[in-house]
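Subject: Structure handover

Hello,

Here is the structure for your files. Please load it before you read on. My notes follow below.

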Protein chains: 2
Amino acid sequence: MTEKEFLSNYDRRDYLTPLLTVDTVLFTYHENTLKVLLVERANYPQKGQWGLPGGFVDENCDASLDDTVYRKLKEKTGVVPPYIEQLCTVGNSDRDPRGWSVTVCYTALIAHQACEAHIESVHSVKWASIEEIEGMTLAFDHYQLYLQARERLRQKSLYSIVPGFALPEVFTLAELQHVHEVLIGKAIQNKSFRRRLDQADLLIDTGEKRQERGRPANLYRLKSQSADYRFIRNLEF
Amino acid sequence: MTEKEFLSNYDRRDYLTPLLTVDTVLFTYHENTLKVLLVERANYPQKGQWGLPGGFVDENCDASLDDTVYRKLKEKTGVVPPYIEQLCTVGNSDRDPRGWSVTVCYTALIAHQACEAHIESVHSVKWASIEEIEGMTLAFDHYQLYLQARERLRQKSLYSIVPGFALPEVFTLAELQHVHEVLIGKAIQNKSFRRRLDQADLLIDTGEKRQERGRPANLYRLKSQSADYRFIRNLEF
DNA sequence: CCAATAGTGTCTATTAGACATTATCGC
DNA sequence: GCGATAATGTCTAATAGACACTATTGG
């Protein structure tokens, strides 16, 4: 038998493969806290429960897993977040009552304002603060996935400025530092934080300033390479 | 309709889901080089080509994806490696001629001696040195997966001693350092390397020594926490 | 001037790089 | 003693922590 013959005889419908979904833990920073996007399940199983945005691969729409993630996030937020990263893949026989099931889980970050209007227009989608989530029961193993995403993001806050993608396009250093502090769960030395940013040259100074109380703060924008930059030394926690 | 009714009406065979496999990039250190385990494909597609060890989830044997990985590695090597880590998941419509396909890829490390006998007894399984692999064409996108695993392991060699799991249970510091140097592609300052190990307290001194030429070298064993330890400062490369 | 917030100066502590030096073996 | 390899001493450089200090705004 040749490969060609094999393939023309091959029919995927002859085999049962596990259910396959993608899910995303999408973070934003708003009102001085981190928030995560939750979606109320419209269908069984676990209808009515809150869970992470995600769903099945659609072979007709999606050329790749990333496409599925983009499609699902666009449905819920109206946009594709500027930072998306694969977190982990969980697959076992228990996590979904429909049977052996696999989810490819992503972490993503977005500015709150970038999707504020769209989210308010869509029913059964909301931002939940991380305090709020602690007390919730999420669908399937989504709470576990959330915890893993949060822990990964905490690690990243020690050696990168990835958390900055949860801020608006233009932000102050105090805001950036605060996102990191929320993730780490502890205050960071202001001087240390600024020194690192200076040296790494990861921000564009917009020249603009913003004032609320006290001295006006410089406004910055993330450089494109900020997503990939890693400091060689961690903050210590 | 209740959830119970929904589930009793639900039949996974009504839906077509992507093909799902696991693959592992298994490294070892032998004869002063890093080697990767390759398997000759016994079946179509790409029959006869070398690729990574892996295969389909078997819902009857495997309670989780990790179980699938253990089962597949045990088939090829006779043992379960002491270090296994999820690398990434790749899914798209192109990578497998049978259709939309997803692979969950793992990186693993093992001592060469731990599976030497079993591998020699099994046909169509071999260790390929990293120099050898550079010139090869592997099945599907396995070469890409190999490159990603190698890059991740290179990063880890800068802030952990994970690469030590590619060594025999008992090893010298020179051997450990050399694995790191091969991964980094550059010599490491001997003093820096030893200082880090001293301070982190990651090794057990066996008290034994091994001599080949020159001064006998102390023999060490990895402590169990070595897999998870991260230095707060990277080696610089 | 005061309160408030932004941003800097500067000293210490830690840790990696560089490279010279010492230690321990076989012969 | 010599060659070889293992292991250490020690100085410098880089960078984080600590915390006091200065700067810029409104009232």
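**DNA strand C**

Three elements each supply at least two residues of the surface near DNA strand C: α7 and β9 (217–222) of chain A, and α7 of chain B. Helices (H or I, at least four residues) and strands (E, at least two) are DSSP runs, numbered from the N terminus. "Near" means that one heavy atom of the residue lies within 4 Å of the molecule or strand.

Some ground rules. This is a predicted model, in which local features need pLDDT of at least 70 and side-chain atom pairs count only at pLDDT 80 or more, while totals for chains, interfaces and linings use all residues. Residues are numbered from 1 along each chain as its sequence is written, chains are lettered from A and ligands numbered from 1 in the order in which they are written, and side-chain values use heavy atoms, with hydrogens and water left out.

Back to DNA strand C. α7(B) gives the most to this surface, with 5 residues. By class, the surface divides into 5 nonpolar, 8 polar and 12 charged residues. Here Ala, Val, Leu, Ile, Met, Phe, Trp, Tyr, Cys and Pro count as nonpolar, Asp, Glu, Lys and Arg as charged, and the others, Gly among them, as polar.

Of the atoms of DNA strand C within 4 Å of the protein, 64% belong to sugar or phosphate. The rest belong to bases.

Next, the polar contacts (pairs of N or O atoms within 3.5 Å; within protein, one must be able to donate a hydrogen and the other to accept it, and residues adjacent in sequence count only if both atoms are side-chain atoms):

- Lys191(A): a polar side-chain atom lies 3.1 Å from a base nitrogen of DNA strand C.
- Ser192(B): a polar side-chain atom lies 3.0 Å from a phosphate oxygen of DNA strand C.
- Gln211(B): a polar side-chain atom lies 3.1 Å from a sugar or linking oxygen of DNA strand C.

**DNA strand D**

25 residues surround DNA strand D. The closest are Arg195(A), Arg196(A), Arg194(B), Arg213(B) and Asn218(B). α7 (190–200) of chain A, α7 (190–200) of chain B and β9 (217–222) of chain B each supply at least two residues of the surface near this strand. α7(A) gives the most, with 5 residues. The classes are 5 nonpolar, 9 polar and 11 charged.

Of the atoms of DNA strand D within 4 Å of the protein, 64% are in sugar or phosphate and the rest in bases. The polar contacts:

- Gln211(A): a side-chain N or O atom is 3.3 Å from a sugar or linking oxygen of DNA strand D.
- Arg233(A): a polar side-chain atom lies 3.0 Å from a base oxygen of DNA strand D.
- Asn218(B): a polar backbone atom is 2.8 Å from a phosphate oxygen of DNA strand D.

**Helix packing**

Axes are lines fitted to C-alpha atoms, for helices over the stretch in contact, and angles run from 0 to 180 degrees between N-to-C directions.

How do α6(B) and α7(B) pack? Their angle is about 110°, with the axes 11 Å apart. They are therefore roughly perpendicular to each other. (Angles under 35 degrees count as roughly parallel, over 145 as roughly antiparallel, 65 to 115 as roughly perpendicular and the rest as oblique.) Leu173(B), Leu176(B), Gln177(B) and His180(B) of α6(B) make the contact with Asn190(B), Phe193(B), Arg194(B) and Leu197(B) of α7(B). Contact means heavy atoms within 4.5 Å. By class, the residues are 4 nonpolar, 3 polar and 1 charged.

In chain B, the axes of α5 (residues 142–159) and α6 (residues 173–184) come within 9 Å and cross at roughly 130°. That makes α5(B) oblique to α6(B). On the α5(B) side, the contact is made by Arg150(B), Leu153(B), Arg154(B), Ser157(B) and Leu158(B). On the α6(B) side are His180(B), Val182(B), Leu183(B) and Ile184(B). The classes are 5 nonpolar, 2 polar and 2 charged.

**Backbone**

A cis peptide bond joins Tyr44(A) and Pro45(A), with omega about -5°. Pro45(A) lies in the loop between β2 (33–40) and β3 (50–51) of chain A. A cis peptide bond also joins Tyr44(B) and Pro45(B), with omega about -5°. Glu31(B) is not a glycine, yet has a positive phi of about 55°.

Best regards
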